[in-house]
Amino acid sequence: MDATSKGSSVLGLLSLVFLGLGALFYFDVGGHTVKPPLIPLVDTNFISTATARTSTADLMRSGGDLSGLDCYACHEKNKALRLKLDTEGNVIVPKEHDDIVMAHGRHHRNNNCFNCHDETNLELLQTRDGRHLKIVESPALCGSCHGPTYRDWEAGVHGRTSGYWNRDLGSIERKVCTSCHNPHAPAFPSRQPAPGPHPLHPLAAAATGRHN
């Protein structure tokens with residue numbers, strides 16, 4: 001047998017061996033292959049792109065139902081509204097507004113409706129320096145007290161920005177503060193954390209006792 005024929009025989013034999021091994025693996029002849037567990041689906045709440053809440057400004061822009069926000073459906077226009085206070089000077093929230101929880105700040109000094117709302121025109125907001133703002137201009141009201149956070153929001157560091165990084169493709173929209181924070185109780189309540197990433201080698205992770 002010459003060298004050429006011998007080489008061809010070796011290659012043919014190796015091909016048969018690899019084909020045989022491939023068939024063994026494919027048909028799981030040994031029966032020792034352990035199938036990895038299915039990756040559990042993530043709760044859709046963790047992948048939602050919606051903001052934490054719908055602000056009044058967002059509702060107005062989208063043409064939503066504003067009937068519950070018409071102050072003068074109940075209050076008398078052009079008449080200053082008087083607040084009722086308890087013995088410690090805290091606002092007594094009337095039963096018509098019992099869905100409002102006053103918790104703006106840890107010292108309770110900001111739990112006063114007219115620190116933000118204009119008592120002579122309930123459709124406007126007012127800053128500490130006397131400026132009057134429309135509801136859709138609420139970030140400027142927040143910024144009159146929370147200056148550093150407001151500047152971060154303007155720069156896109158704080159809060160939620162939607163739209164395009166490349167301005168040539170389209171505009172951006174910076175969600176207002178109240179799209180995430182409740183203006184009457186801005187602190188975020190505790191929330192369940194999202195699950196950790198699925199391990200690349202789940203069997204090895206289970207063997208070492210490491211889990212998500």
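**Figure 1. Antiparallel pairing of S1 with strand S2 (residues 121–126) runs over two bridges.** This is a predicted model, in which local features need pLDDT of at least 70, side-chain atom pairs count only at pLDDT 80 or more, and totals for chains, interfaces and linings use all residues. Residues are numbered from 1 along each chain as its sequence is written, and side-chain values use heavy atoms, with hydrogens and water left out. Strands (E, at least two residues) and helices (H or I, at least four) are DSSP runs numbered from the N terminus; two strands pair if DSSP finds at least two bridges between them. Aspartate 118 stands opposite asparagine 121 in S2. The open sheet has three strands in the order S1-S2-S3, with antiparallel pairing. Its edge strands are S1 and strand S3 (132–133), each of which pairs on one side only.

**Figure 2. Aspartate 58 and arginine 61 form a salt bridge.** A salt bridge is a side-chain nitrogen of Lys or Arg within 4 Å of a carboxyl oxygen of Asp or Glu; here the closest N and O atoms are 3.7 Å apart. The two residues are separated by about one helical turn because they lie three residues apart in helix H2. Relative accessible area is computed with a 1.4 Å probe on protein chains only: buried means under 20%, exposed over 50%, and partly exposed in between. Aspartate 58 counts as buried at 12% relative accessibility, whereas arginine 61 counts as exposed at 52%.

**Figure 3. Two further salt bridges involve glutamate 96 with lysine 95 and glutamate 173 with lysine 175.** The structure holds five salt bridges. Glutamate 96 meets lysine 95 at 3.3 Å, N to O, and both residues are exposed. Between glutamate 173 and lysine 175 the closest N and O atoms are 3.4 Å apart. Glutamate 173 is partly exposed, with a relative accessible area of 34%, while lysine 175 counts as buried at 18%.

**Figure 4. Valine 176 sits in the loop between strand S5 (172–174) and helix H5 (202–207).** At 6% relative accessibility, valine 176 counts as buried. Contact means heavy atoms within 4.5 Å. Neighbours within four places in sequence aside, valine 176 is in contact with Ser55, Ala57, Arg61, Ser138, Pro139 and Trp153.

**Figure 5. The second largest pocket has a volume of about 220 Å³.** On a 1 Å grid over the protein atoms alone, a pocket is an open set of points where a 1.4 Å probe fits, with protein on both sides within 12 Å along at least five of seven lines; lining residues have an atom within 4 Å of a point. Grid points are joined across faces, edges and corners, and the volume is the space filled by probe spheres set on them. The lining consists of Asn45, Phe46, Ser48, Ala50, Thr51, Ala52, Cys180, Phe188, Arg191 and Gln192. These residues divide into five nonpolar, four polar and one charged. Nonpolar covers Ala, Val, Leu, Ile, Met, Phe, Trp, Tyr, Cys and Pro, charged covers Asp, Glu, Lys and Arg, and the others, Gly among them, count as polar.

**Figure 6. Asparagine 78 has a positive phi of about 65° although it is not a glycine.** Asparagine 78 belongs to the loop between helix H2 (56–62) and strand S1 (117–118). With a relative accessible area of 73%, asparagine 78 is exposed.
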